[in-house]
Amino acid sequence: MINAISATGTPAYGGRVEDIMCAAADGFSRVTGEVAATAGTEGPGFTNMIMSIASADRAHSPLLVLASNMAMSNEDRLGGIQQMYQQPTTEGIKKYGKRITIPNRVHEYAAHAFRQLKSGVPGPVHLDFPSEILGARFKDASELKDFYDKSRYRTDCVAHPAPKDIARAVEMISKAERPMIIAGQGVFYRKGWEALKRLAEKHEVAVVESGPVRGHFGDDHRLSANLAADALGSVDLIVFVGQYLMPNVGEYRFNPDVKAIRVHPVAEDLGRNWPLDLGIVSDEKAALEALADALPKKARAAWVTELAAARKKFEAQNDEYYALGVKYSQQTGTVHPAVTGKLMADFLYNGKIPKEQTTYVQGGWTGAGYTRRWMRAHRPGQFNNAPYQYYPIGPDVGHLLGAGAAMQLGAGPQKAYQGAPVFGFTGDAGVAYSIMEFDTMTKYRIPAIMTVHNNNAWGMITAANTVRSHHMYLFQENLRYDRIAEALGARGEYVTTPEQYTAALQRAYDAAVKDKAATLINVQSSRQFLTNQFPPGAQPRNVEPGVTAYSH
Amino acid sequence: MSVSIVTAGLEHYATRGMFRSFSAVASRGRLAAFEFVWIRDVRFRVTYDPVRRALTFVDLLPEVPARSAMDRAFRAFVHSRTLPSVPAHRRLDPRRVTADVRNRQGAVSLVFTLSPRHLEHGVTRSVHLVHEVIMDFLNDSLYVDYLIAHFNLNPEMA
């Protein structure tokens with residue numbers, strides 16, 4: 001099956017670990033908005049993929065899981081290997097699934113799959129097919145039960161908002177003093193970013209991004225609230241657009257009197273988790289365009305000033321953490337993650353590289369609490385919040401590989417920066433799951449640079465409340481993940497000071513540009529930074545939505 | 001009269017879907033009392049004394065030793081909400097409502113005294129300030145263990 005797909009000329013990548021390649025497909029989808037397929041062998045390969053299928057489900061990625069299966073003719077005989085029913089295993093972590101058992105219905109179920117992947121709210125689709133299906137051959141389309149073109153088995157038609165709903169929304173937004181649009185991933189998937197910008201600027205509505213991918217509004221826009229955590233409590237009207245996975249009351253920092261509008265492509269989810277004052281069934285882009293057309297020009301000077309003040313406060317706090325991080329780094333002879341974040345951000349956004357160029361994958365756990373505060377998105381699809389919602393620890397190199405493939409191919413909104421290196425961040429716990437894909441990135445000459453925050457422990461060591469349990473969270477000290485990458489044909493760097501890190505970033509970037517080389521930068525840190533001995537300790541508490549978000 | 005205004009002010013949040021399992025409960029003497037479930041499924045108890053116009057979030061913060069660092073920080077936080085650095089629409093205006101912190105044997109209650117002419121406003125500001133206590137004051141790495149112990153924070157999310 002994978003041979004057949006590859007033979008059509010569809011770009012294909014073969015890797016080392018099914019789960020991580022599944023994450024790579026998810027990562028590709030997240031930064032392009034396009035469908036990606038992933039495949040694993042019958043039993044072990046498929047079950048290995050479960051973590052990343054679940055993660056893709058929470059991220060609502062249009063991921064097509066194609067998993068072959070053993071012959072139906074051998075079912076219940078326990079005579080062979082790798083037999084299992086796959087579909088029950090993906091129950092609750094897919095949008096649609098089907099075990100195809102009748103060979104001449106294969107095209108019909110492919111149509112089912114793509115209708116689900118390309119319509120409404122995306123999500124994983126899981127098709128499995130016993131070897132009787134794989135072995136079937138057809139002389140022509142007349143032997144198939146259903147066979148008609150995609151123009152007939154699905155539609156690109158989308159729901160448009162009712163005029164009365166737009167009128168009501170315009171009234172509510174106009175009356176609000178401090179309105180804010182929560183622009184979820186639906187804005188990205190439906191390519192609604194131009195309409196979003198037009199609406200926001202015309203009526204001076206603040207925008208905060210949510211979801212697994214960021215950049216469809218941009219962190220540096222004067223109306224962006226991505227860094228303005230302190231302003232969230234002032235909002236008097238929120239407009240959810242493209243928020244596929246709704247937060248519960250209390251998960252977002254808005255005040256208890258905030259009014260809420262939600263735009264969503266299907267009615268069934270409106271009102272879920274968050275009480276609404278107005279629900280609008282509509283395609284995200286269509287609704288944003290209608291609102292941008294209908295709203296009058298308006299200036300909200302006081303609100304814009306408050307947003308700017310909140311951003312300044314957030315950045316001042318970042319600077320404070322950085323200063324502490326520098327001090328702690330000097331004290332320990334290792335690198336604090338606040339320093340890693342600042343230096344990586346300086347390299348990518350404040351140096352010679354155009355700030356819009358680099359697609360970034362944010363992984364990791366405790367280190368991410370610091371680096372997430374520094375990393376920015378300036379254009380659609382620039383930032384993949386890899387552990388979004390499900391929070392798997394580990395597939396970060398897979399997401400980096402997926403983003404790298406997207407850049408290599410110039411897919412979707414990555415086209416403008418085709419061939420540029422991609423950057424990522426992960427932890428020493430996470431990289432252990434996915435480090436083998438440095439072989440894959442090297443094989444395919446994907447210029448990817450992964451920073452590994454190496455603090456010699458699981459992040460959950462903070463839960464080790466007795467000395468006796470401590471050992472379960474520890475790794476050997478100062479492991480050389482960089483040397484594993486080298487053994488896999490990639491470049492490796494090992495750094496113990498901030499100055500070494502900056503120099504390593506430059507060498508990695510130069511090698512990525514010149515030789516299409518992948519690099520693992522092993523940044524030696526300390527688990528002591530997780531303790532109250534080095535405040536603020538494990539990680540600063542996050543506020544959602546905005547740059548520190550990972551749940552919604 | 002003021003009891004009905006305060007009751008309506010709190011019921012407003014139940015109607016909006018913010019408070020769950022909202023109910024008026026039996027209380028002693030002149031006090032009106034209410035219970036509801038709010039953020040992270042935590043149960044809150046609120047009383048209202050119409051004579052003193054005192055709206056009290058009873059035992060809002062349990063297990064905070066008097067004169068401890070957390071006690072002091074909490075008092076400073078509540079006071080900070082009256083300062084000009086807070087945007088006017090979020091500031092606590094002492095002419096309309098005041099907030100006092102009471103620590104009895106480690107159980108901290110927040111007592112709001114409402115101005116008779118601004119009862120509705122007073123209820124709203126009280127609810128907002130309690131919301132800020134949970135979302136802002138307690139959202140500090142210093143209080144992660146406290147949130148796990150008393151405010152249903154999932155340790156996996158800490």
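Here's a short chat about the sheet in chain B and the overall build of chain A, in a predicted model.

Student: In what order do the 6 strands of the open sheet in chain B come?
Tutor: This sheet is open, and its pairing is antiparallel. From one strand to the next, the twist averages 20 degrees. Reading across chain B, the order is β1-β2-β3-β4-β6-β5.

Student: Which strands of chain B stand at the edges?
Tutor: Look for strands with a single partner, because one side of each is then left without a neighbour in the sheet. In chain B that picks out β1 (20-25) and β5 (97-104).

Student: What is the bridge partner of B:A32 in β3(B)?
Tutor: Start with the strands: β2 (residues 32-37) and β3 (residues 43-49) of chain B run antiparallel and are joined by 6 bridges. Within β3(B), the residue bridged to B:A32 is B:Y48.

Student: Which strands does helix α3 of chain B lie across?
Tutor: Helix α2 (residues 69-80) of chain B also packs on this sheet, touching β4 (54-61), β5 and β6 (107-114). Helix α3 (residues 119-137) of chain B runs at about 150 degrees to β6(B).

Student: What is the radius of gyration of chain A, and what does the globule rule give for 552 residues?
Tutor: Chain A has 20 helices and 16 strands, and 59% of its residues are buried. The globule rule value and the radius of chain A are close, so the chain is as compact as a globular protein of that length. The rule gives 24 Å, and the radius of gyration of chain A is 24 Å.

Notes:
Residues are numbered from 1 along each chain as its sequence is written. Chains are lettered from A and ligands numbered from 1 in the order in which they are written. This is a predicted model: local features need pLDDT of at least 70, side-chain atom pairs count only at pLDDT 80 or more; totals for chains, interfaces and linings use all residues. Side-chain values use heavy atoms; hydrogens and water are left out. Two strands pair if DSSP finds at least two bridges between them. Helices (H or I, at least four residues) and strands (E, at least two) are DSSP runs, numbered from the N terminus. Axes are lines fitted to C-alpha atoms, for helices over the stretch in contact, and angles run from 0 to 180 degrees between N-to-C directions. Contact means heavy atoms within 4.5 Å. The radius of gyration is taken over C-alpha atoms; the globule rule is 2.2 Å times the number of residues to the power 0.38. Buried means under 20% relative accessible area, exposed over 50%, partly exposed in between (1.4 Å probe, protein chains only).
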